[in-house]
Amino acid sequence: MRKFGLALILLATLAACGTPSGSDTNGTAQPSGPGYYAVQKGDTLSSIARKFRLSNSDIISWNKLSDPNDIKVEQVLRVAPQGVRAGSKTTPRSVDNSAASAAAGAANDEQNTIDWTWPASGQSAGGLGQGKKGMDIFGELGQPVLAAAAGKVMYSGSGIRGYGNLVIIKHDSNLLSIYAHNKTIVVKEGQMVGKGQKIAEMGKTDSNSVKLYFEIRRQGKPVDPSRYLPSR
């Protein structure tokens, strides 16, 4: 239970700030329409996230789910940020160009101060802006999964459905990296790891193929890993 609670806190805070849940436990009318989804028989948090091209943590955060493994049939979930319809490419407000430029500059600074490496060898696919929050790296069962940069292991376990055996590493006050679907994990929570250190072995837990699912998140939001990782 301790590990599950830690994972929930970590993954919920990785997402953008959420909005209140669409479901009402007091029996009052529940919201509906664009931006909401009624849970169907056989749905899981992960299948709903895939349907709307979201991360599990988005749905957890937007709906303030205390137990993401306990969603119920006909429960109404928000599946888009407040003010945005599900599947819409428009944003609820315009972005200040100067603020965006400043954020980009901060990201570039972090890229220069943290020494990154690829977390595994193999063919990669996906990436931000292609319906995913991160990338898949395909390889062989049991091959090494490496820390992409030095940092502290914040989570090591299998308490989050859809991620399998999961490792989360904190690199500084803004940046985290996520390693999912591992066969085995060889590091513990609280452990300091170096760049390129083996942290797990590639597997297929909660996946239909052997692969590493990898994310880099800055201030809780996914960023394109290819902007941080060296060319190869």
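Predicted model: local features only at pLDDT ≥ 70, side-chain atom pairs only at ≥ 80, totals over all residues.
Residues are numbered from 1 along each chain as its sequence is written, and side-chain values use heavy atoms, with hydrogens and water left out. The secondary structure comes to 4 helices and 13 strands, where helices (H or I, at least four residues) and strands (E, at least two) are DSSP runs numbered from the N terminus.

- The chain has 232 residues, of which 44% are buried; buried means under 20% relative accessible area, exposed over 50%, and partly exposed in between, with a 1.4 Å probe and protein chains only.
- Among contacts (heavy atoms within 4.5 Å) between residues at least 6 apart in sequence, 66% join residues at least 24 apart.
- The chain exposes about 11900 Å², and carbon and sulfur atoms supply 50% of this area; accessible areas come from the Shrake-Rupley method with a 1.4 Å probe, and for residues only the protein chains shown count as cover.

**Nonpolar cores**

- A nonpolar core is a set of buried Ala, Val, Leu, Ile, Met, Phe, Trp, Tyr and Cys residues joined through side-chain atoms within 4.5 Å.
- The largest nonpolar core has 26 residues, and those that touch the most other members are W116, I169, Y179, I199, L212 and F214.
- The elements that give two or more residues to this core are strand 4, strand 7 (165-170), strand 8 (175-182), strand 11 (198-201) and strand 12, and the largest share, 3 residues, comes from strand 12.
- Apart from this core lies another, of 13 residues, which include I59, I71, L77 and V79.
- Leaving aside residues up to four places away in sequence, I169 touches A147, G151, K152, V153, M154, L175, L176, S177, Y179, V193 and I199.

**Strand pairing**

- Two strands pair if DSSP finds at least two bridges between them.
- Strand 3 (residues 123-126) and strand 4 (residues 135-138) run antiparallel and are joined by 4 bridges, with Q123 standing opposite F138 of strand 4.
- Strand 4 also pairs with strand 12 (residues 211-218) in the antiparallel sense over 4 bridges, and here F138 stands opposite K211 of strand 12.
- Elsewhere, 3 strands form an open sheet in the order 5-11-9, with antiparallel pairing.
- Strand 5 (144-146) and strand 9 (184-185) stand at the edges of this sheet, each with a single partner strand, so one side of each is left without a neighbour in the sheet.
- Strand 9 and strand 11 pair over 2 bridges in the antiparallel sense, and T184 has E201 in strand 11 as its bridge partner.

**Positive phi in loops**

- Most residues other than glycine have a negative phi.
- K64, in the loop between helix 3 (56-63) and strand 2 (76-78), has a positive phi near 50 degrees, and at 57% relative accessibility K64 counts as exposed.
- Q219, in the loop between strand 12 and strand 13 (221-223), has a positive phi near 50 degrees, and at 52% relative accessibility Q219 counts as exposed.
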